[in-house]
Amino acid sequence: MKDEAEQSRVEEQREPAPAISTREGPARQGKESAGGLSRGEITRQRILEAAEAVFGELGYYEASISEITRRAGVAQGTFYIYFRTKRDIFVELVKDLGRRLRESSASATAGLSNRLEIERQGFKAFFRFAAAHRSVYRIVEEAERVAPEAAQEYYQSISRGYARGLRAAMEAGEIRRMDPEALAYALMGIGHFLALRWIIWPQAASSPDEAVAQEGEPSSGEQILPPHVFATLMDFIAHGLAPTPGLPSVPSAEPGIQPSPQPELGPSPARESEQSQP
């Protein structure tokens, strides 16, 4: 680990930040584009997307700022307008991937009121995201060594919204009363390993050309996973969360969440973007 850290420092010393003229800074790139983003924001996002590809393919220690800027089609000086070091952009990339995953889940579940349907659509959105961003597994795994605080926040930012949605469903009598945080992490773990088994590992065994062809292909969650796998997931969730007459609920450590008799699974008032998935 010491050798890896030294290699990273040498890499960053090899590419020092040049003096930047304020003429080209983000403040001067504030003109709105057709999509509502400023030119500076578009450039920053393009650099982050290039970083995702480079870190995903080469790993943190083999990746370089020069390769990121080459793929982004920008000068190295432009890189330093937005990011100070390779570690800086790596941390920002982890945050960006987490934000985009949460937005994808929130969009897929917006307006839904039935918890089981929220789980179905949320998991479908997660599997689509994992298929379009397969490198997220390697990047977040490396973040646990390179920037552990970023990796921890990646998972916690997902779990917080997920637990809020589960707690609301429990309070509405829609699902059994359990510890919502523990349940959120359990469901996140299910999604994580199903995607690893049926999305990441098969892609890793493909040829480079097949891997490029698969990346970013639009599909539904059921089509990305074998149908029987997705059906098994939803059957497990439906029976695991649904209130069962005569079966006592597990006591919860959450304040105000106490076991009590539950009605049948049914709709509850619509919830918004807090229904984030793993």
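Reader: How do the side chains of Asp96 and Arg100 meet?
Author: In a salt bridge, 2.9 Å from N to O. The term means a side-chain nitrogen of Lys or Arg within 4 Å of a carboxyl oxygen of Asp or Glu.

Reader: What should I know about the model itself?
Author: This is a predicted model, where local features need pLDDT of at least 70, side-chain atom pairs count only at pLDDT 80 or more, and totals for chains, interfaces and linings use all residues. Residues are numbered from 1 along each chain as its sequence is written, and side-chain values use heavy atoms, with hydrogens and water left out.

Reader: Back to Asp96 and Arg100. Buried or exposed?
Author: Both Asp96 and Arg100 are buried. Buried is under 20% relative accessible area, exposed is over 50%, and partly exposed is in between (1.4 Å probe, protein chains only).

Reader: Why are Asp96 and Arg100 separated by about one helical turn?
Author: Because they are four residues apart in helix 5, residues 86-109. Helices are DSSP runs of H or I with at least four residues, numbered from the N terminus.

Reader: Which residue does Glu103 form a salt bridge with?
Author: Arg99, with the closest N and O atoms 3.1 Å apart. Glu103 is partly exposed at 44%, and Arg99 is partly exposed at 30%.

Reader: How many salt bridges in the count?
Author: The count comes to 14.

Reader: New spot. Where is Glu67?
Author: In helix 3, residues 65-72. Glu67 has 18% relative accessibility, so it counts as buried.

Reader: What does the Glu67 side chain make with Arg70?
Author: A polar contact with the Arg70 side chain, at 2.7 Å. Glu67 also forms a salt bridge with Arg71, closest N and O atoms 2.7 Å apart. Arg71 is partly exposed, at 33% relative accessibility.

Reader: Now the second largest pocket. Which helix gives the largest share of its lining?
Author: Helix 7, with five residues. Across the lining there are 13 nonpolar, two polar and two charged residues. Nonpolar covers Ala, Val, Leu, Ile, Met, Phe, Trp, Tyr, Cys and Pro; charged covers Asp, Glu, Lys and Arg; the others, Gly among them, are polar.

Reader: And how is a pocket defined?

Methods. Helices (H or I, at least four residues) and strands (E, at least two) are DSSP runs, numbered from the N terminus. A polar contact is a pair of N or O atoms within 3.5 Å; within protein, one must be able to donate a hydrogen and the other to accept it, and residues adjacent in sequence count only if both atoms are side-chain atoms.
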